[in-house]
Amino acid sequence: MRKVMSAAAAFATAATAMVMMSGTAQAGDDTVYGCRSGNVCIWAQGVEPFDDPHPTVQYSSYGYHNLRNQYGDHWVLNNQYGGATASLCYNYGGTNCYETLFQDDWTYENLTPVNSITLNRP
């Protein structure tokens, strides 16, 4: 009986490890030019994401995020999932928004007048 229980415990441990590994692999597969799945990302001014896959900013929580030192033209990606959107806003605090990025949308935007980005629940 002890051997049966030991074999069952080993199987359960291996199955759990496989599920955990497959979950991690899926999350990594959704990374786009360094922007992790579930995030909204901004690349440095004038940088092409496919040339330098290292976003300078990644936001991952819903709500507004005030921008700091983002001037000139930048690539912005909404790499969220489940239909979540992101909005670019003229004012701090996520107000006076003028553009909505749907899931997987990119924009090349002059961020000088933009003072916040919101990550919106679906």
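Which residue is partly exposed, with a relative accessible area of 37%? Cys-97 is that residue. Here buried means under 20% relative accessible area, exposed means over 50%, and partly exposed lies in between (1.4 Å probe, protein chains only).

The model is predicted; local features need pLDDT of at least 70, side-chain atom pairs count only at pLDDT 80 or more, and totals for chains, interfaces and linings use all residues. Residues are numbered from 1 along each chain as its sequence is written, and side-chain values use heavy atoms, with hydrogens and water left out.

Cys-97 forms a disulfide with Cys-89, and their sulfur atoms are 2.0 Å apart. A disulfide is a pair of cysteine sulfur atoms within 2.5 Å. Cys-89 is buried, with a relative accessible area of 0%. The torsion about the S-S bond of Cys-89 and Cys-97 is about 75 degrees, so this disulfide is right-handed. The structure holds 2 disulfides. Cys-35 and Cys-41 also form one, with sulfur atoms 2.0 Å apart. Both Cys-35 and Cys-41 are buried. Their S-S torsion is about 85 degrees, so the disulfide is right-handed. With the bonded cysteines of the protein chain numbered in sequence order, the pairing is 1-2, 3-4.

An open sheet of 4 strands was found, with antiparallel pairing and the order β3-β8-β5-β6. Strands (E, at least two residues) are DSSP runs, numbered from the N terminus. Two strands pair if DSSP finds at least two bridges between them. β3 (63-66) and β6 (97-101) stand at the edges, each with a single partner strand, so one side of each has no neighbour in the sheet. Antiparallel strands β3 and β8 (residues 116-120) are joined by 4 bridges. Asn-66 has Ser-116 of β8 as its bridge partner.

The whole structure contains 5 aromatic pairs. Rings of Phe, Tyr and Trp (its six-membered ring) pair if their centres lie within 6.5 Å; planes under 30 degrees apart count as stacked, over 60 as edge-to-face and the rest as tilted. Trp-75 and Trp-106 form an edge-to-face pair, at 5.9 Å centre to centre and 85 degrees between the planes. Trp-75 lies in β4 (residues 73-79) and Trp-106 in β7 (residues 106-110), so the pair ties together parts 31 residues apart in sequence. Trp-75 is partly exposed at 22% relative accessibility. Trp-106 is partly exposed at 32%. The ring centres of Tyr-90 and Tyr-98 are 4.4 Å apart and their planes are at 15 degrees, so this pair is stacked.
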